[in-house]
Amino acid sequence: MNPLVSIIVPFSEATSGFVKCLESLVNQTLQEIEILLIPEQANEEVFAVVKEYQQRDPRILIFPEKEGCLPRNTGLKNATGKFITFLDPDGWVQEETYEKLYEIASQGEMDILMGNGSYCYRSGRKTEIYKSSAPSVSEEVLSGKDAFIFLSRYGEVNLTPAISLYKREFIEKTITPSRVISMKMSCGDRSHYAQRSG
């Protein structure tokens, strides 16, 4: 299987939030994914959890912890998907999130796709990730230059990795000042959710 989306998740503890995170990933409606789990000062208890999930789902790849290496960089070096995304171990996404994001990103030949979502807290409080006065541009593809103008004009907008897709080729080219302006990007108010348990 050639994965369409690589999901990079650093982990350290076997919390209920991390279990919810794993459940949300193995239940994605997009089947062509790989889930790269990279330990960061992880204990034995959490390794038992991730190994159990790996036995259930062969799309889960577990990497050894390397001293001095940043987990997300390890994930980037090993990702094989057409697009890459990141999820924190206490975050979770709705089942159709990556299918919908991939569908949009693959149609527009874009380098970065920004989705929208909410942060949910144990207290029951919920806040939108993009609380912006920006007009909706969810169907519009922006050049790199236009995207940065848009983001600087509506500064409340932020790149939340969990609900953004990054083209692997784009990342591999390395983001340098001379290349950034060739980036294509879509952003807007689509309702793809990344939710946090913390």
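Are Phe 83 and Tyr 102 buried or exposed? Both residues are buried, where buried denotes under 20% relative accessible area, exposed over 50%, and partly exposed the range in between (1.4 Å probe, protein chains only).

The model is predicted: local features need pLDDT of at least 70, side-chain atom pairs count only at pLDDT 80 or more, and totals for chains, interfaces and linings use all residues. Residues are numbered from 1 along each chain as its sequence is written, and side-chain values use heavy atoms, with hydrogens and water left out.

**Overall fold**

The chain contains seven helices and twelve strands; these are DSSP runs numbered from the N terminus, with helices (H or I) of at least four residues and strands (E) of at least two. Of the 198 residues in the chain, 46% are buried. Among contacts (heavy atoms within 4.5 Å) between residues at least 6 apart in sequence, 82% join residues at least 24 apart.

**Aromatic pairs**

Four aromatic pairs are present. Rings of Phe, Tyr and Trp (its six-membered ring) pair if their centres lie within 6.5 Å; planes under 30 degrees apart count as stacked, over 60 as edge-to-face and the rest as tilted. Phe 83 and Tyr 102 form an edge-to-face pair, 5.8 Å centre to centre with 80° between the planes. Phe 83 belongs to strand E4 (residues 83–86) and Tyr 102 to helix H4 (residues 97–108), so the pair ties together parts 19 residues apart in sequence. One aromatic cluster is formed by Phe 11, Phe 18 and Phe 47.

**Helix H4**

H4 has twelve residues and spans 17 Å from its first C-alpha to its last, close to the 16 Å expected at 1.5 Å a residue, the expected span being 1.5 Å times one less than the number of residues. Its buried residues include Thr 97, Tyr 98, Leu 101, Tyr 102, Ile 104 and Ala 105. They cover an arc of only 170° around the axis, which puts them on the same side of H4; the arc is that of the directions from the helix axis to the C-beta atoms. The packing partners of the buried residues of H4 include strand E1 (5–11), helix H1 (16–26) and strand E10 (164–167).

**Positive phi angles**

| Residue | Phi | Location |
|---|---|---|
| Glu 109 | about 50° | just after H4 |
| Gln 41 | about 55° | loop between strand E2 (33–39) and helix H2 (44–56) |

Gln 41 is not a glycine, and it is exposed, with a relative accessible area of 72%.
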